[in-house]
Protein chains: 2
Amino acid sequence: MTQDDPPTGTRADLIAAGLHLFGQQGFAATPTRALAALAKTNVASIAYHFGGKEGLRLACGAEVARRIGQVAGPPATELPATRRDALDRLEAMLRAMVVFLTQGPQAQDTVAFILRELSEGGPAFDLVYDAFFLPKHRELCALAGMATGQPAEAEETRLLVFSLLGQAVYFRIGQPVICRRMGWTGYSAAETTAIADRLAANLHAILRSQP
Amino acid sequence: MTQDDPPTGTRADLIAAGLHLFGQQGFAATPTRALAALAKTNVASIAYHFGGKEGLRLACGAEVARRIGQVAGPPATELPATRRDALDRLEAMLRAMVVFLTQGPQAQDTVAFILRELSEGGPAFDLVYDAFFLPKHRELCALAGMATGQPAEAEETRLLVFSLLGQAVYFRIGQPVICRRMGWTGYSAAETTAIADRLAANLHAILRSQP
DNA sequence: GTCTATAAACAGATAGAC
DNA sequence: GTCTATCTGTTTATAGAC
């Protein structure tokens, strides 16, 4: 139910509506009527399918965990052979993350929903932390550790990885500020590339100066 | 009224309650009764002093702009003489920002409120952008431009400054994730220092590799 | 499974005494 | 300026027809 097939029909429509509206306006600010209207169904179906508004929120969290499991895949079977390989893999993952955060068709809703749950301390947060954040961060730490020569789970390495991730996440969270200051109307392909190039340059500079 | 003396009495209590609760739970999720209770007054006083809940939100925004104006001060009169000076000033400002974001007695509420308004696209956002974000970012760009030898308002410079800021902001926004992964219970002095050292090291690595 | 109609709780705003 | 009591609209959840 967490890792299996995607939901269908009215359930899927309501979850899609939940991801979109909860992510955009927040949980409390979203009336059930708006959810039902966006999903082209009636308010009662929320209670029928999920037991209530709160149940829909949890179902959205489960769906996010499922989608992310699909995209991220297993945490890479073999470790890279050389420092150079580790650095390349780190850059590839960082670039993929920027693309996922700034572009992404349905990813936009997924990302917004997670960030909402994070800032609201919502119940879906634990789910996503265990299913995604923790394993992904460990994977990045293993690569960063190999690139710097330090232990993967050392405090410095974990903090270093967070500082790298933070740059990417900020461009999603601070989008309104950034776009206004940059004179952009949004993130199209050109802007995403500019951001990814900047962060890749930072990555190399930071890791090169490390040991 | 925007730059003058701080509010007093019931007005101040309500604004403090607004900053705290709006920042923590969001605007829509905060009932007026909770605001009145925290401010140790009655619900009617919100309408009396601010015209309504929305008015209180704006007053909170104005108060944030006022506090920030106090802390940030004027944008530094003279530019640094050498590249080395520019780098030192950048590091000092970055460290001050980390302390402001992670420590800070009343700053915690102030920061949370701004981030809420940012993510909700609230009306207080424009106020804070003009009063703080834009001038501060310009100041940082001037320093970064001097440190890298590029024009202060070049796209690369503006993006570089955002990537530096993003690291700092993320440690505030992602606090729940970060603390769980690091095994921290919160940000005390030791953790703040560790973060600031990490970001200062990143700053030097990035700017050194720039030109 | 889907829908309409309604119930019960709650929201923000306000009138009017003090 | 402060407060209690109340008004009016909206919310979520549910009962019951189809």
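The surface near DNA strand C draws at least two residues from each of α1 (9–25) and α3 (44–50) of chain A and α2 (32–38), α3 (44–50) and α4 (53–72) of chain B. Helices here are DSSP runs (H or I, at least four residues), numbered from the N terminus. This is a predicted model, in which local features need pLDDT of at least 70, side-chain atom pairs count only at pLDDT 80 or more, and totals for chains, interfaces and linings use all residues. Residues are numbered from 1 along each chain as its sequence is written, while chains are lettered from A and ligands numbered from 1 in the order in which they are written.

In total, 17 residues surround DNA strand C, the closest being Ala44(A), Pro31(B), Thr32(B), Ala44(B) and Gly52(B); a residue is near a strand if its C-beta atom, placed from the backbone, lies within 6 Å of it. The most is given by α3(A), with three residues. By class, this surface holds seven nonpolar, seven polar and three charged residues, where Ala, Val, Leu, Ile, Met, Phe, Trp, Tyr, Cys and Pro count as nonpolar, Asp, Glu, Lys and Arg as charged, and the others, Gly among them, as polar.

DNA strand D is likewise surrounded by 17 residues, and Pro31(A), Thr32(A), Gly52(A), Asn42(B) and Ala44(B) are the closest. Here α3(B) supplies the largest share, three residues.

Turning to the protein chains, their contact takes 38 residues from chain B and 38 residues from chain A, with two residues in contact if their C-beta atoms, placed from the backbone, lie within 7 Å. On the side of chain B that touches chain A, α8(B) provides the largest share, eleven residues. That side comprises 22 nonpolar, ten polar and six charged residues.

What, then, covers the buried residues of α10(B)? The cover includes α8 (155–173) and α10 (189–208) of chain A, together with α5 (83–102), α7 and α8 of chain B. The buried residues themselves (20 or more other C-beta atoms within 10 Å of their own, C-beta atoms being placed from the backbone) are Ile195(B), Ala196(B), Arg198(B), Leu199(B), Asn202(B), Leu203(B), Ile206(B) and Leu207(B). They lie on the same side of α10(B) because they cover an arc of only 160 degrees around the axis, taken from the directions from the helix axis to the C-beta atoms. The face turned away from the buried side of α10(B) carries Ala189(B) and Ala190(B), which are exposed (12 or fewer such atoms).
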